[in-house]
Amino acid sequence: MSEITPATLYVVATPIGHRGDLSPRAQAVLAGVDAICAEDTRSTGLLLAQFGLARPLIAVHEHNENEVTAALVARLQAGAALALVSDAGTPLVSDPGYRLVRAVRSAGLPVLPVPGPCAAIAALSVAGLPSDRFCFEGFLPAKASARRERLAGLQAEPRTLVFYESAHRIEAALADLIAVFGGNREAVLGRELTKRFQTLLGPSLAAIAAAVAADPNQRRGEFVLVVRGNEDHEAARLAEGRRLYARLAEHLKPSQAAQLAAELSGAPRKALYAVHQAD
Ligand code: SAM
């Protein structure tokens, strides 16, 4: 099943845990390309070995992607077929590859997807929260102040939100989410998806935080947090209006700030102004 075209970059998704999720087509492409660009050559080498595959590996990660991109484009132009993989899941999704893919496309060369696992989509597919429209937010900022500011900007978002989180920040992130969104907001935490200790916690941010606090095992591993959007449209407009008002009032007269915040958010101007007057 050799379908490898010369001078082509294949962007190949790899398992997020269960090795059986490396598709037959992914295996065929990885077996057939001239070289594999890998975020971590060691872990990709181990994955290839599990499937009896061995191809030359080229390190392409966030610290060297800029420097190696030109040489990789030249190699493709000379006729090589290359694959791009990340440590787990789909490259470019909170993973390296953006600059390389962009450069290869700018050079007029084909970039072909070999789709497969992605932790965000896996979590969304089992969360049972609205999935007709959703926002992938990736990792929240590491610093608490920046994280809360990011969350404040998402408080009124009506679409389902999908976050990646690591073990050492999951508790702090949940605490900030509760502070900004309220503990009753519906949510599902997917941990170690497709792996041995996979768990799904819910049904609210408060319930998830309590379960994580009560059991150290629930703080281990990798996490995707899926949070229901704010469907209380009136409250969402008011929250967004207040957030905008607070920012705009730093630079404008209160009446102008309230007028602009009301126009941008759809919240009643008087409700925003009243907040200011009361404060
Ligand atoms: N490109 C990957 C993808 O397609 O999902 C994501 C890479 S990002 C650097 C790694 C993050 O993805 C982890 O910190 C975690 O939030 C999430 N993740 C990856 N594998 C996971 C799994 N098996 N279960 C839950 N979350 C996972």
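Visitor: Hi! What kind of model is this, and how are residues numbered?
Guide: This is a predicted model, where local features need pLDDT of at least 70, side-chain atom pairs count only at pLDDT 80 or more, and totals for chains, interfaces and linings use all residues. Residues are numbered from 1 along each chain as its sequence is written, and side-chain values use heavy atoms, with hydrogens and water left out.

Visitor: Great. Which residues of helix α2 are buried?
Guide: In α2 (residues 41-50), they are Thr44, Leu47 and Leu48. Buried means under 20% relative accessible area, exposed over 50%, and partly exposed in between (1.4 Å probe, protein chains only). Helices (H or I, at least four residues) and strands (E, at least two) are DSSP runs, numbered from the N terminus.

Visitor: Why do they line one face?
Guide: Looking down the α2 axis, the buried residues fall within an arc of 100 degrees, so they line one face of the helix. That arc is taken from the directions from the helix axis to the C-beta atoms. On the other side of α2, Arg42 and Ala49 are exposed.

Visitor: What covers the buried residues of α2?
Guide: The cover includes α1 (24-32), β2 (35-38), β3 (57-59) and β4 (82-85).

Visitor: And what happens at the start of α2?
Guide: There, a side-chain oxygen of Asp40 comes to within 2.9 Å of the backbone nitrogen of Arg42. Just after α2, Gly52 has a positive phi of about 70 degrees.

Visitor: Let's move on to α5. Which residues are buried there?
Guide: Ala119, Ala120, Ala123, Leu124 and Ala127 are buried in α5 (residues 119-127). Down the α5 axis they fall within an arc of 130 degrees, so these residues line one face of the helix. Their cover includes β6, β7 (160-166), β8 (187-191) and β10 (222-227).

Visitor: What follows α5?
Guide: Gly128 does, with a positive phi near 70 degrees.

Visitor: Now the surface: which residues form a nonpolar patch?
Guide: Ile121, Phe134 and Phe136 do, with about 250 Å² of accessible area together. Phe136 lies in strand β6 (residues 134-139) and is partly exposed, at 33% relative accessible area.

Visitor: Last one: what does Thr199 touch?
Guide: Thr199, in strand β9 (residues 199-201), is in contact with Leu189, Gly190, Arg191 and Gln218, leaving aside neighbours within four places in sequence. Contact means heavy atoms within 4.5 Å. The side chains of Thr199 and Gln218 also make a polar contact (3.2 Å).

Key: Patches are made of residues with over 30% relative accessible area and no salt bridge: like charges are joined within 9 Å, nonpolar side chains (Val, Leu, Ile, Met, Phe, Trp, Tyr) within 5 Å. Accessible areas come from the Shrake-Rupley method with a 1.4 Å probe; for residues, only the protein chains shown count as cover. A salt bridge is a side-chain nitrogen of Lys or Arg within 4 Å of a carboxyl oxygen of Asp or Glu. A polar contact is a pair of N or O atoms within 3.5 Å; within protein, one must be able to donate a hydrogen and the other to accept it, and residues adjacent in sequence count only if both atoms are side-chain atoms.
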